[in-house]
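Please look over the sequence and the model shown here before reading the notes on its sheets and helices.

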Amino acid sequence: MTPLRIGLVGAGAHAAEVIVPTLMSTPGVQLAAICSRGSSAAELADAWGVEGVQAEVEEFLKVGEFDAAVLCSTPAAHEAALAVAPEYGVSLFVENPPAFGAAAIHRFAQDNAARPKPVTSFVDAHLRYAAMSRVALEHIAAHGRVMHVAMDCHTDSPRATVWDRDLLDSFLLSSGAQPLAVMAELLDWPAADTLTSAEVTQTRKDDIFVTADFTTRTTRGSLRMSNTRNRFAFETTVTCADGWSVSWTLDEVVVYRPGDDEEPRRVCSPLLLGGEKAGYSAAVREFRDACLGKTESRSTVEQNLVVMEWIERLRA
C-alpha cells in the first residue's frame, strides 16, 4: 500500500512530543516534511530525518509535495490553512482548536462544499478516540438512544493566557474543546442552541469553573469543567433508553445493568502506549483511512462547527 504522505505545520512541544511520534508509528502514514515560520521546523525535522521548511502555512500547503497536512500550530495558523485548503485541494487533520471562532469554519464549510469533491477534514478531538472512550461508545451504541449525559472534565491548565486571548477564552479553546466534542458526539452533533444554560465562575484571577447544560428533543446533558486540578481528570456517565448506564474515565469503563448487582468492568492496559490511550493514534488512523477512501471522517471541520459555536456562547 502506498503510504499517505503528510506535511506537518507546527514544530512546538506538542508536535515534537505527541504528533510526530504518533505519525511516525502509524502504519500507512509517511511524514514528508515539517513547516514552521521560524527555525524550529528544521531542528525537529533533522531529529526525525525528514525535510524541514521555513515558510508561511499558505505557501507550504500550495507547493508542498504531500497528500494531506496535519495542523499543529496556533489557531491563527489553522484559520489561514482552512482558508486555502479547499482551493489547493489539501486534506486537513487539525489539532484543537481549529480556529478562534466559528466564522473561519463557516467559510471553510462553504468553500469545501463548492468543490466537485470536498477535501477530507478531521479535527483531532482525541478524547473521543481515547482507548476507553472507544470501548464506552461501543457499549452505548449497543443500548439504543442516549437519555442523559453527565460529564466532568478538569485539568491543571491553562493557568495563564495563550494566543493573546483572555484566560477564559484560553481555557475554552485549549482545554474545553475536548470535552465539548465528546458531548457533541453523544448528542449526535446537534445545533448550537442545544446549549440551554451555562455559568462561568472565576473565583481567583487564574481559577475557572464552567458548568453547561444541553437539551435536545430526546437527550439532556450536563458538563462541568475547570482548570483547578493538578492533573487531567475526565469522567462521564451515559444513561441509555433501556436503563443501562456506561461510566468511563481514561483508565476504565464500567457498565451498569438494571436489576443486576454485577458491574462489568474493563481496565485500560498499563502496557498501552500513551498515544493509543489518549486517542491520538486512533484519530490519525481514521484520518488516514478517510483520505484513502476506506471510511468516512467522524470528526470533520464542518461537524466541529457546533463546538466552536458553543465556545462562543460560553464566552458571552
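Strand β7 (residues 146–154) runs parallel to β10 and pairs with that strand over 7 bridges, where helices (H or I, at least four residues) and strands (E, at least two) are DSSP runs numbered from the N terminus, and two strands pair if DSSP finds at least two bridges between them. This is a predicted model, in which local features need pLDDT of at least 70 and side-chain atom pairs count only at pLDDT 80 or more, while totals for chains, interfaces and linings use all residues. Residues are numbered from 1 along each chain as its sequence is written, and side-chain values use heavy atoms, with hydrogens and water left out.

- Histidine 154 has serine 226 in β10 as its bridge partner.
- Both strands belong to an open sheet of 8 strands with mixed pairing, in the order β8-β9-β10-β7-β11-β12-β13-β14; its edge strands are β8 and β14 (265–267), each of which pairs on one side only.
- Direction ignored, neighbouring strands of this sheet are turned by 10° against each other on average.
- Helix α7 packs on the sheet and touches β7, β11 (233–240), β12 (245–248), β13 (252–256) and β14, with its direction at about 175° to that of β12; contact here means heavy atoms within 4.5 Å, and axes are lines fitted to C-alpha atoms (for helices over the stretch in contact), with angles running from 0 to 180 degrees between N-to-C directions.
- Helix α8 lies across β7, β8, β9, β10, β11 and β12, and runs at about 150° to β10.

**Strand β9 and its partners**

- The pairing of β8 with β9 is antiparallel over 6 bridges, and in it serine 197 stands opposite aspartate 213 of β9.
- The pairing of β9 with β10 is also antiparallel, over 7 bridges; threonine 211 has arginine 224 in β10 as its bridge partner, and a hairpin joins β9 to β10 through 4 residues.

**Helix α11 and what packs against it**

- The buried residues of α11 are Leu305, Val306, Val307, Met308, Trp310, Ile311 and Leu314, and their cover includes α5 (102–113), α8, β8 (195–201), β9 (209–215) and β10 (220–226).
- Helix α8 (residues 167–186) packs with α11 (residues 305–315) at an angle of about 135°, the axes being 9 Å apart, which means that α8 is oblique to α11; angles under 35 degrees count as roughly parallel, over 145 as roughly antiparallel, 65 to 115 as roughly perpendicular and the rest as oblique.
- The crossing of α8 with α11 is right-handed, a term used if the near helix is turned clockwise from the far one by less than a right angle, with left-handed used if anticlockwise.
- Residues including Leu172, Leu173 and Leu180 of α8 meet residues of α11, among them Trp310, Ile311 and Leu314, and the residues of this contact divide into 14 nonpolar, no polar and 2 charged. Here Ala, Val, Leu, Ile, Met, Phe, Trp, Tyr, Cys and Pro count as nonpolar, Asp, Glu, Lys and Arg as charged, and the others, Gly among them, as polar.
- Helices α5 and α11 pack at about 155° with their axes 9 Å apart, which makes α5 roughly antiparallel to α11, and their crossing is left-handed.
- Ala102, Ile105 and His106 of α5 make this contact with Leu305, Met308, Glu309 and Glu312 of α11, a set that divides into 4 nonpolar, 1 polar and 2 charged residues.

**The parallel sheet**

- A further open sheet has 6 strands with parallel pairing, in the order β3-β2-β1-β4-β5-β6; β3 (51–54) and β6 (121–124) stand at its edges with a single partner strand each, so one side of each is left without a neighbour in the sheet.
- Strand β2 (residues 29–36) runs parallel to β3 and is joined to that strand by 4 bridges, with isoleucine 34 opposite glycine 52 of β3.
- Helix α1 (residues 13–25) packs on this sheet, touching β1 (4–9), β2, β4 (68–71) and β5 (91–95), and its direction makes about 155° with that of β2.

**Alanine 131**

- Alanine 131 is placed in helix α7 (residues 131–141) and counts as buried because its relative accessibility is 8%.
- Not counting residues up to four places away in sequence, alanine 131 touches Cys268, Leu272, Glu276 and Lys277.

Key
Buried means under 20% relative accessible area, exposed over 50%, partly exposed in between (1.4 Å probe, protein chains only).
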